[in-house]
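Biologist: I would like to learn how to read pockets in a protein model. Could you take me through an example?

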Amino acid sequence: MREQGATSVLGIDLSEKMISRAQEITSDDAITYRTADLETLELPEAAFDLAYSALTFHYVRDFERLARMVHRSLVPGADFVLTIEHPIFMAATHPRWIQDEDGRKTWPVNRYSVEGERQTDWFVKGVVKYHRTIGTTLNTLIRAGFTIKVVEEFAPSLEQIRENPALEEEIERPMMLLISATR
Ligand SMILES: C[S@@+](CC[C@H](N)C(=O)[O-])C[C@H]1O[C@@H](n2cnc3c(N)ncnc32)[C@H](O)[C@@H]1O
């Protein structure tokens, strides 16, 4: 963000290890790092020109509260850019797949409309995530006062698959949801 021209940056994560690592790899007085829980975090009102979050909000139970708090913390016209694990990916039977009649891997979607806690094994067993449908995610942002600008469901291009064939399975279900909104 500093390299992109931000005057100052506040970086937040619940994990002290993540914050220590960020401190190790940056050296800039205009960056402040804070260990904080997004379930309870309060930020000053109308204090930021941009809020950005990468692959974290699907670990937050109360997205409604978070979206309203972020909205209050932004100046009018500011952008809110976020990525989350795609709800289809989260609701799929990850990491178990089955083969369809053409021999391709597929991941049946499991109770997409049932929102709430889901658990997965990723590096450690029993990682807790919170499933929300795309509709709920977008409507939560709209209710908080945001205008949705762009919604992307990442899938690799044929060119990217040619360069890296392992990416092919990513066309079977979107893995990431990217949203850009404005206050
Ligand atoms: C998949 S990692 C993404 C990390 C980083 N944003 C990135 O893009 O490399 C998810 C991060 O969410 C953080 N996290 C999970 N629950 C959180 C919470 N309630 N409040 C703040 N951070 C949280 C974890 O500590 C972890 O660093």
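Predicted model: local features only at pLDDT ≥ 70, side-chain atom pairs only at ≥ 80, totals over all residues.

Biologist: Happy to! How much space lies in the largest pocket?

Modeller: A pocket is an open set of points with protein on both sides. Here the largest pocket holds about 1700 Å³ of space. It is lined by 46 residues, and Leu-10, Gly-11, Ile-12, Tyr-52 and Ser-53 are the closest to its centre.

Biologist: Which helices and strands each supply at least two residues of that lining?

Modeller: Helices H1 (16-25) and H2 (63-73) do, along with strands S1 (9-13), S2 (31-35) and S3 (48-54). S3 gives the most, with seven residues.

Biologist: And how do the residues of this lining divide into nonpolar, polar and charged?

Modeller: In the largest pocket, 31 are nonpolar, nine are polar and six are charged.

Biologist: Why does the largest pocket lie between domain 1 and domain 2?

Modeller: Look at who supplies the lining. Domain 1 (1-36) and domain 2 (44-182) both give residues to it, so the pocket lies between them.

Biologist: Now for the second largest pocket: how much space lies there?

Modeller: About 260 Å³. Twelve residues line this second largest pocket, and the closest to its centre are Tyr-59, Glu-85, Phe-89, Trp-122 and Met-175.

Terms used: Residues numbered from 1 in each chain as written. Heavy atoms only, no water. 1 Å grid on protein atoms, 1.4 Å probe; cavity = no way out; pocket = protein on both sides within 12 Å on 5 of 7 lines; lining within 4 Å. Points joined across faces, edges and corners; volume = space filled by probe spheres on them. Helix = DSSP H or I, 4+ residues; strand = E, 2+ residues; numbered from the N terminus. Nonpolar A, V, L, I, M, F, W, Y, C, P; charged D, E, K, R; others polar. Domains from an automatic or database assignment.
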